[in-house]
Amino acid sequence: MFPRRRTRPVPVGGVVVGGGAPIVVQAMTKTDTRDIRATVAEVRRLEKAGAEIVRLAVPDRAAASALRAIRKKTRTPLIADIHFDHRLALAALEAGVDGLRINPGNIGSRDKVREVVRAAAERGAPIRIGVNSGSLEKDVLARAGGATAEAMAESALRHVRILEELDFRLIKISLKASDIPRTLEAYRLLAGKVDYPFHAGITEAGRLLPGSVKSAAGLALLLAEGLADTVRVSLTAPAEKEVAVAWQVLQGLGVRARGVNFISCPTCGRCEVDMMALAARVEKAVGRIRVPLTVAVMGCTVNGPGEAKEADIGLACGRGSGVIFRKGKLLRRVPGGRMADELIAEALKLAAERSGEGA
Ligand code: SF4
């Protein structure tokens, strides 16, 4: 439905970004990277939540030293996020990370850049260029008259050329502004100039609810134009929530599926049950399902059965009882007190059958 921009494939550990590969969900840890135990625990939680690549901030030598142990104790490809200091980039690669996020134009002398590029190339580790509207070069800002989309694209191209001159092409690019129109415009501008995959997201989006809405709106536009190869949602909220929101966006657009696509009606004056409590309970219980499955919970027997029938497993609640559907067929009527349990049991049963099929 959404044609992708043609990009070259860039492998990050065992995960391919771009080149038509499925859009990858990324996350970033929020722990102090020097705290190995807390960081490993967070990476594992993110893996469980569905993160396919995890980035860690590496602000100093101690953080770089911690990477070796973190790498050994986790499975997901790891990316070291480094600003300026090329020694940290070298140490991170040495520790076994699968990629870097560093802007070559900020590393300093050409020799330092060359050293980092050589070490990355030897290990097949890609470099993501991350342009942020808040930290553009002074001359770029002056020429463009501010932190415009043109300025962001120009800054990215400048970093790209540095890597290309060293014959390095394992590149991904992100262009982040905290407002959607500028972000979208910057990606559009750069899309016509390079074939490197794009890492997309709306940066500093805010707290859980407004940030999720803003991220979803921005990502939807980028995804609809085929401008995203990997996505990260940034929220002032636990990192697992960011991953969950990213998956919801991809799932809602029909771009990727993971776990349950949960449908529940908004309720209205026809509703016969405590829908908020029922939906919350069912959503939580089916949240551990990993195979794609649509589960619907509807609040009445007027409009409910239609929607419930379209789901893999659906419930239409009535007064004192409800009806459960499986793939469009009426399974049985269940008493009001058993509706949630029986729906959950049917969903888990179908999920087990599906995962058995895929085994
Ligand atoms: Fe109202 Fe029934 Fe529609 Fe829910 S399914 S919104 S209760 S009409």
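How close do the axes of H1 and helix H2 (residues 61-73) come, and at what angle do they cross? They come within 10 Å and cross at roughly 35°. Axes here are lines fitted to C-alpha atoms, for helices over the stretch in contact, and angles run from 0 to 180 degrees between N-to-C directions. Two packed helices are described by the angle between their axes and the distance between the axes.

This is a predicted model: local features need pLDDT of at least 70, side-chain atom pairs count only at pLDDT 80 or more, and totals for chains, interfaces and linings use all residues. Residues are numbered from 1 along each chain as its sequence is written, and side-chain values use heavy atoms, with hydrogens and water left out.

Start with the whole protein. It has 12 helices and 15 strands. Helices (H or I, at least four residues) and strands (E, at least two) are DSSP runs, numbered from the N terminus. The C-alpha atoms fill a box of roughly 75 × 45 × 35 Å along the principal axes. Of the 359 residues, 52% are buried, meaning under 20% relative accessible area (1.4 Å probe, protein chains only).

Now return to H1. It passes H2 in a right-handed crossing, one where the near helix is turned clockwise from the far one by less than a right angle. Ile36, Thr39, Val40 and Arg44 in H1 meet Ala66, Ala69, Ile70 and Lys73 in H2. Contact means heavy atoms within 4.5 Å. By class, this contact has five nonpolar, one polar and two charged residues. Ala, Val, Leu, Ile, Met, Phe, Trp, Tyr, Cys and Pro count as nonpolar, Asp, Glu, Lys and Arg as charged, and the others, Gly among them, as polar.

H1 (residues 36-49) also packs with H9 (residues 239-252): their axes come within 9 Å and cross at roughly 20°. The two helices are therefore roughly parallel, a label for angles under 35 degrees. Glu42, Arg45, Leu46 and Ala49 in H1 meet Ala239, Glu240, Val243 and Trp247 in H9. Five of these residues are nonpolar, none polar and three charged.

Next, find Leu315 in strand S13 (residues 313-317). At 0% relative accessibility, Leu315 counts as buried.

Among the residues around it are Cys265, Cys268, Cys271 and Cys300. A residue belongs here if one of its heavy atoms lies within 4 Å. The shell has six nonpolar, four polar and one charged residues.

Methods: Parallel < 35°, antiparallel > 145°, perpendicular 65-115°, else oblique. Buried < 20%, exposed > 50% of the residue type's maximum accessible area, 1.4 Å probe, protein only.
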